[in-house]
Amino acid sequence: DPGQLHEIQLADYKVKGLKLNFSLGFFKSLHTVLLGKNQGLILGAKDDSGKIIAGLFLGWDAYEMYYLSGAILPEYRNSGALTLLLWTAIKLAHDKGVRFNFKGSMIESVERYFRSFGAQQVPYYEIRKTDSSILKLV
């Protein structure tokens, strides 16, 4: 359920002191579109009592499976649930004959975690225009 995953993401981001950059409405819309095209999936992990504690949102095309979003409840961070979900997603990509793309992260701890799976860091560049006359002089 995209709503459950969104709640887990909100809790996870709150602990990290970050703001989630997409709304539940957007998340549900994207989920509906991808499921309608048979190009998306949410994987979830439960604790012993059946409570959803972690989830991943995946999307794919003919070439790659993309890790679009994922989170784990803060109190379960050391449970291994998110690692199990990622490993399951990587195996699913392999079974579909496509590459798995972690999509990276600007959060240093997340980037380090992704590289622990053997992911390779790929830099990207961002170009911005500044209308500052002081910066134009420099």
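This is a predicted model: local features need pLDDT of at least 70, side-chain atom pairs count only at pLDDT 80 or more; totals for chains, interfaces and linings use all residues.
Taken along the principal axes, the box filled by the C-alpha atoms is roughly 60 × 35 × 30 Å. The chain comprises 138 residues, of which 32% count as buried, and the protein exposes about 9600 Å², with carbon and sulfur atoms supplying 55% of that area. Among contacts with a separation of 6 or more, 50% are accounted for by residues 24 or more positions apart. With regard to charge, 17 positive and 13 negative side chains are present, and the centres of the two sets lie 4 Å apart.

The largest nonpolar core has 23 residues, and those with the most contacts inside it are Ala54, Leu56, Met65, Leu86 and Phe100. Two or more residues are given to this core by each of β1 (40-46), β2 (52-60), β3 (64-72) and α3 (81-96), and of the elements it is α3 that gives the most, with six residues. The surroundings of Ala54 illustrate how separate parts of the chain meet: when neighbours within four places in sequence are left aside, Ala54 is in contact with Ile8, with Leu43, Gly44 and Ala45, with Ala71 and Ile72, and with Ala81, Leu82 and Leu85.

A search of the whole structure for aromatic pairs returns two. In one of them, Phe27 and Phe57 adopt an edge-to-face arrangement, with 5.1 Å centre to centre and 80° between the planes. This pair links distant parts of the chain, since Phe27 belongs to helix α2 (residues 24-36) and Phe57 to strand β2, 30 residues apart. Phe27 has a relative accessible area of 3% and is therefore classed as buried, and Phe57 is likewise buried, at 1%. Ring pairs join Phe22, Phe27 and Phe57 into a cluster.

His6, which lies in helix α1 (residues 2-16), is buried, with a relative accessible area of 6%. Residues up to four places away in sequence not being counted, His6 touches Phe22 and Phe27 as well as Leu20, Ser23 and Leu24. Ser69 is placed in strand β3 and is also buried, its relative accessible area being 8%. With the sequence neighbours up to four places away again excluded, Ser69 touches Phe22, Phe27 and Phe57, together with Gln9, Gly55 and Leu56.

The C-alpha atoms of Leu68 and Asn101 are separated by 9.1 Å, although the two residues are 33 residues apart along the chain.

The contacts of Leu73, apart from residues up to four places away in sequence, are with Ile8 and Ala11 and with Lys51, Ile52 and Ile53; the C-alpha atoms of Leu73 and Ile53, 20 residues apart along the chain, are separated by 5.5 Å. Asn38, by contrast, is placed in the loop between α2 and β1 and is exposed, with a relative accessible area of 59%. The backbone of Asn38 has a phi near 55°, a positive value in a residue other than glycine. Most residues other than glycine have a negative phi.

Technical notes: Residues are numbered from 1 along each chain as its sequence is written. Side-chain values use heavy atoms; hydrogens and water are left out. A nonpolar core is a set of buried Ala, Val, Leu, Ile, Met, Phe, Trp, Tyr and Cys residues joined through side-chain atoms within 4.5 Å. Buried means under 20% relative accessible area, exposed over 50%, partly exposed in between (1.4 Å probe, protein chains only). Helices (H or I, at least four residues) and strands (E, at least two) are DSSP runs, numbered from the N terminus. Contact means heavy atoms within 4.5 Å. Accessible areas come from the Shrake-Rupley method with a 1.4 Å probe; for residues, only the protein chains shown count as cover. Lys and Arg count as positive and Asp and Glu as negative; His and the chain ends are not counted. The place of a charge is taken as NZ of Lys, CZ of Arg, CG of Asp or CD of Glu. Rings of Phe, Tyr and Trp (its six-membered ring) pair if their centres lie within 6.5 Å; planes under 30 degrees apart count as stacked, over 60 as edge-to-face and the rest as tilted.
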